[in-house]
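Have a look at it first.

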Amino acid sequence: MSWNDPNASSEAQKYDNPIPSRELILSTINEHGEVTHQQLAKAFNIADPDQFDALGNRLKAMARDGQVNRDGRPYRYRTVTQHDIVTGTVTAHPKGFGFVLLSDMPDLFLHEKQMRWVFNGDTVEAVGTSTDNRGRTEGRIVDVVERRQNHFIGTLAHDEDGYCVELGSPNNHQPITVTEDNVQALNAKQGSPVKVDIIDWPNQHEFATGKITEVLSDVNDRELIIETTLLNYDIPSDFSEAALKQANDYKEPIEKDLKGRIDLRDLPLVTIDGEDARDFDDAVFAEKRSGGNYRVLVAIADVSYYVTPNSPLDQDAYERGTSVYFPHRVIPMLPEVLSNGLCSLNPNLDRLCMVADIKISRAGKVTGYEFYPGVMHSQARLTYNQVNAYLENPKDSSVPKSLTENKDVKKSVDTLHQLYELLLKKREERHAMEFETVETYIKFNEKGGIEAILPRTRGDAQKLIEECMLLANTCAANFALQNELPALYRNHDKPDGEKSMRIHEYAKNFGLSFPEENPTQADYQRIIEATKERPDSISIHSMLLRSMMQANYSPDNIGHFGLAYDEYSHFTSPIRRYPDLMLHRAIKSKVTNSKQPVMDFSLEGAGLQTSDTERRAEKASRYVESWLKCHYMKDHVGEEFDGVVTTVTNFGLFITLTDLYIDGLVHISNVGDDFFVYDEQQQQLIGKDRGTVFGLGDSVKVKVAGVNMDLLQIDFELKSKLQSSKMNQTKKDHSNRSQSNQSATNKDQPKKSPAKKSGSRGGRGSSKKS
């Protein structure tokens, strides 16, 4: 041995033919800056082939462990420095691996071994170590900076090693060990759902240890998954004592609360919401004016009167960012004494409000507006169904007397409907997008299980209210811009070049043009109009939706591409969205000539916070809905259903069941007795031997083959194609078998391999009133 190694003796004890220790290798690399395997061997005068290979293996291990980085071909090694360390958030995959999500560089892949340290959502410092054969940069966790949560819900299990709490996805890789004394003290039974707090975090060799704090055996499946999701997504569900005290100290408004407000209590303002709505944050009124012009009032709950800047209520609301909507449960942004009480525009009660008082010409153009604080007295709580029934038949017996027997309310609703028809034409002129998609809701039985999954219908009443909200939001954005107010705008950027190109290629299926880059709203609307009457319109429009960018909040206005507005904000829902509350404060300060409040956060920080909490709420809601649907389908394994192809990928077909609106995957190996190739441009799987084509909009019959609750994946087996959409006809007539009843399975055929292109699965989102 010709090198001076301080660890030579320990190396000699471990190996018959020792090589330089890791410490010596690191110091030598530091001296040279960067070295190859060959150069390092030369520096150590290593000529023996076995030692040379052993040195190479040690370098690989050091790269794996994050001690050195390697780049290029041949690999050049350098020591890891503080500059190589990045900070990101761990996202766990149900199969045990994960990623460190990074904002300004590709994510780091984490092997199962690295995931032993962390839970989903933890913030970590990590280094990239090497690139795997799939081109992913592998990562090594250097330190856990912040734990996302220390309370979990799981299932109590027992084996020869003792008791543990097994967690569901995405933390199913991290069982938490608990003591037998803890289990017996709470009389917890194996298989029971339990809450557990962390005592010691996991490490490379040991799982986390915890303490069970509550047994949840009386909770139904729906309540349990919501509680679990709240913890997993770090969504606050309990208000601080200070916030609750502040909310409970408020009383019904009295004369002193009305000082400086415009009195609107004699106006026939009404609320129009869904059947199950509990918080009414907007009321509307419209009247005809001279020359065929209109005046419309959009009165919004004056939440800013109660949620004062930087107060405990405000701090809790800012942390939540938004209300979170689950099936049959809401996690409100504000305590219910406000959200369903003092801030809710309940009928026949005096309520404080902020008003957008808007003038509109008979051509549908906004000719003026003003904002002011007011007091109102809602004359009716109407539902969408009631107003839709009234608009179809004013004498319908189901319409409440608060509408039919109050001539002022009746006249206002009639005027609102006339105004809606005018605004609808303006919407069409600016090419705002109106996609044909299906929004569903889950109906539960008395035990909390799913009874049915039903589509929500959108009649004129819903669209009428939506147009009123759009009016108020655009006027508020214009007012904020004109007066340079400290507010957040609701931005929606145009699609990027890659997504535009994908739609460009896809539009050729319909003989339509679409620009390769910089599309306009008119380009989208042309495809929407050309396809809205097709039986596969929902599939087509869902794909168009997936090409869109995500909307976000920012202090810099860039406009809203989807709605075709140059300026847009959120003003109409301060009970459930923090950006609306911010805008109310800014507008009220301006119109009352009072000082703008100084907040504990920056505008830029508020934009990020409210955008992030909105994403968090959407993901949590989708997760619960997906879990409930998968749980429901477990009882239907082996049954057959009709469905429609809604997404095509290189690995198979996603099918939406026609009557249940539940999605599942037919893997490409179960598509049929042919060799299928994925055509990304046409969004089709094409059989090379028989020419069979599967694409968007095809009607099929499937059997439920299995449900994976960890992956939240439903697997279908294709039984037959019922009907092809117009653009998915067979490429060549290989046989006389009819496309309408051709069998899609053949057990004697070998399984087929997918093409090498990658596909992605998009999701649907929904929101209340724009």
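Start with charge: the chain carries 93 positive and 113 negative side chains, and the centres of the two sets are 5 Å apart. Here Lys and Arg count as positive and Asp and Glu as negative, leaving out His and the chain ends, and each charge is placed at NZ of Lys, CZ of Arg, CG of Asp or CD of Glu.

Keep in mind that this is a predicted model, where local features need pLDDT of at least 70, side-chain atom pairs count only at pLDDT 80 or more, and totals for chains, interfaces and linings use all residues. Residues are numbered from 1 along each chain as its sequence is written, and side-chain values use heavy atoms, without hydrogens and water.

Now the overall build. The chain has 19 helices and 34 strands (DSSP runs numbered from the N terminus: H or I of at least four residues for helices, E of at least two for strands). Along the principal axes, its C-alpha atoms fill a box of roughly 100 × 75 × 55 Å. Of the 770 residues, 51% are buried, meaning under 20% relative accessible area with a 1.4 Å probe, counting protein chains only; exposed means over 50%, and partly exposed is in between.

S169 and P170 are joined by a cis peptide bond, with omega about 10°, and P170 sits in the loop between β10 (162-167) and β11 (176-178). E484 isn't a glycine, yet its phi is positive, near 50°. E484 belongs to the loop between α14 (460-482) and β25 (489-491), and is exposed at 73% relative accessible area.
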